[in-house]
Amino acid sequence: MPMSPQSSEKPTALIATADGQLFYGRGFGATGETVAELVFNTAMTGYQEIMTDPSYAGQVVTFTFPHIGNVGVTPEDDETADPVAAGLVVKWDPTEPSNWRAVENLVGWLERRGRIGVGGIDTRRLTRAIRQQGAPHVAVAHNPDGVFDIEALVKKARDWKGLVGLDLAKDVTCAQSYTWDEQRWASPEGYTRRTGPGFKVVAIDYGAKRNILRCLASAGCDVTVLPATATAEEVLALNPEGVFLSNGPGDPAATGTYAVPMIQGVLKTDLPLFGICLGHQMLALALGAKTIKMNHGHHGANHPVKDLTTGKVEITSMNHGFAVDAQTLPKGVTETHVSLFDGSNCGIALENRPVFSVQYHPEASPGPQDSLYLFERFAAAMAARRAA
């Protein structure tokens, strides 16, 4: 059960939903208030990667796994420069870290980075509510004095317009182009730099995770990253051998107002194209399909996905609140992957073209590595184009 105002321990944090539900807990990290969509994530590892995943912009994450914070944090595991998720909710307060890589504890990291944490919450009850009623709009407050204006917090949650129609890619994309050559982490060297000639890839940053760029580099790609608002002319001016569309937050239909024309311009060429997460949705929109808002989305590192082309099942990492409506896929576009949880679309490919995308996160950060082959498939498509 969530803490109540009558508990012997005075609550210092409050989650207020738009329909008036109140969840009291213990605050840690930054103080203050934030308004966002509340989602849950079932991953047992990778809380730092989740908090720094730009796809979580505008969301507070409830972790269903209770041991959050046990291994501390390290700059090596940041997926972007700063946490992007608005806050986190856990059952048990974070403990002091016990891991040789830790350089800081989670509580201090959150406080320094301006993110609110709430502990002492019945996360099972909260997760069931999200599953049954959909991802709610919430106002989250942390006040060490335990004083809350409940009416004002509920009003803030109700007044928040939510993610539908909201373009957040512009908020999390890079300010200017840059190159990337860091490869995936491997023991004992850690991160290494790619050397020598590679496939020239332009990656469009809708909120790109660093480990996606590392996977591209490890697959032999010479990566140049462009902002989300890049035009087809700017992309093609770099003479790429392939184009990559990254993950990102917000409503894909809103981001599509400027992303779709760019992608359609690239599709007029014979360039291989690979998209992940929001990039998958952007490709689908550019091909004529539509996207829909999900009830509570997919957030976790244990999602089974079936590859319809091979019949194999992959365990994948996911983070998305919108999905491609498979019923709207036009002729010539094949559905390649589906979720075994709910049958929603998880992958598409353009027939007879090296153009494909997936809804899940094959870079496995955090999550299983079943789908890393997709980066090699992208590289193989560019190699085939070179050889043609």
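The following dialogue explains how to read selected features of this predicted model.

Me: Which conventions apply to the model and its numbering?

Reply: The model is predicted, so local features need pLDDT of at least 70 and side-chain atom pairs count only at pLDDT 80 or more, whereas totals for chains, interfaces and linings use all residues. Residues are numbered from 1 along each chain as its sequence is written, and side-chain values use heavy atoms, with hydrogens and water left out.

Me: How many aromatic pairs does a search of the whole structure find?

Reply: Rings of Phe, Tyr and Trp (its six-membered ring) pair if their centres lie within 6.5 Å; planes under 30 degrees apart count as stacked, over 60 as edge-to-face and the rest as tilted. In this structure the search finds four aromatic pairs. One of them is the edge-to-face pair of Phe244 and Phe274, at 5.5 Å centre to centre and 70 degrees between the planes.

Me: Where in the chain do Phe244 and Phe274 lie?

Reply: Helices (H or I, at least four residues) and strands (E, at least two) are DSSP runs, numbered from the N terminus. Phe244 belongs to strand 11 (residues 242-245) and Phe274 to strand 12 (residues 273-276); the pair links distant parts of the chain, 30 residues apart.

Me: Are Phe244 and Phe274 buried or exposed?

Reply: Buried means under 20% relative accessible area, exposed over 50%, and partly exposed in between (1.4 Å probe, protein chains only). Both Phe244 and Phe274 are buried, and the relative accessible area of Phe274 is 0%.

Me: What geometry does the pair of Phe274 and Phe356 have?

Reply: Phe274 and Phe356 are stacked, with 4.8 Å centre to centre and 25 degrees between the planes. This pair also links distant parts of the chain, from Phe274 in strand 12 to Phe356 in strand 17 (residues 355-358), 82 residues apart. Phe356 counts as buried because its relative accessibility is 9%. One aromatic cluster is formed by Phe244, Phe274, Phe356, Phe375 and Phe378.

Me: Which charged end sits over the ring of Phe356?

Reply: A charge sits over a ring if NZ of Lys or CZ of Arg is within 6 Å of the ring centre and within 35 degrees of the ring normal. Over the ring of Phe356 sits the charged end of Arg377, 5.8 Å from the ring centre. Elsewhere, the charged end of Arg101 sits over the ring of Trp185, 6.0 Å from its centre.

Me: Which peptide bonds are cis?

Reply: Among them is the bond that joins Ser187 and Pro188, where omega is about 0 degrees. Pro188 is found in the loop between strand 8 (178-180) and strand 9 (199-205). The bond from Ser365 to Pro366 is also cis, with omega near 0 degrees, and Pro366 is placed in the loop between strand 17 and helix 10 (373-387).

Me: Where is Asn239, and what is its phi?

Reply: Asn239 lies in the loop between helix 7 (232-236) and strand 11. Its phi is near 55 degrees, a positive value in a residue other than glycine. Asn239 counts as exposed because its relative accessibility is 56%.

Me: What is the phi of Asn352?

Reply: Asn352 has a positive phi of about 60 degrees, although it is not a glycine. This residue is found in the loop between strand 16 (345-350) and strand 17. With 80% relative accessibility, Asn352 counts as exposed.

Me: Why is strand 1 described as largely enclosed by the rest of the structure?

Reply: Five of the five residues of strand 1 (residues 13-17) are buried, so the strand is largely enclosed by the rest of the structure. Both faces are covered: Ala13, Ile15 and Thr17 are buried on one side, and Leu14 and Ala16 on the other.

Me: With which strands does strand 1 pair?

Reply: Two strands pair if DSSP finds at least two bridges between them. Strand 1 pairs in the antiparallel sense with strand 2 (residues 22-29) over four bridges and with strand 7 (residues 137-142) over five bridges. Ala13 has Gly25 as its bridge partner in strand 2 and His142 as its bridge partner in strand 7. The hairpin of strand 1 and strand 2 has four residues between the strands, and Gly20 takes a positive phi near 95 degrees there.
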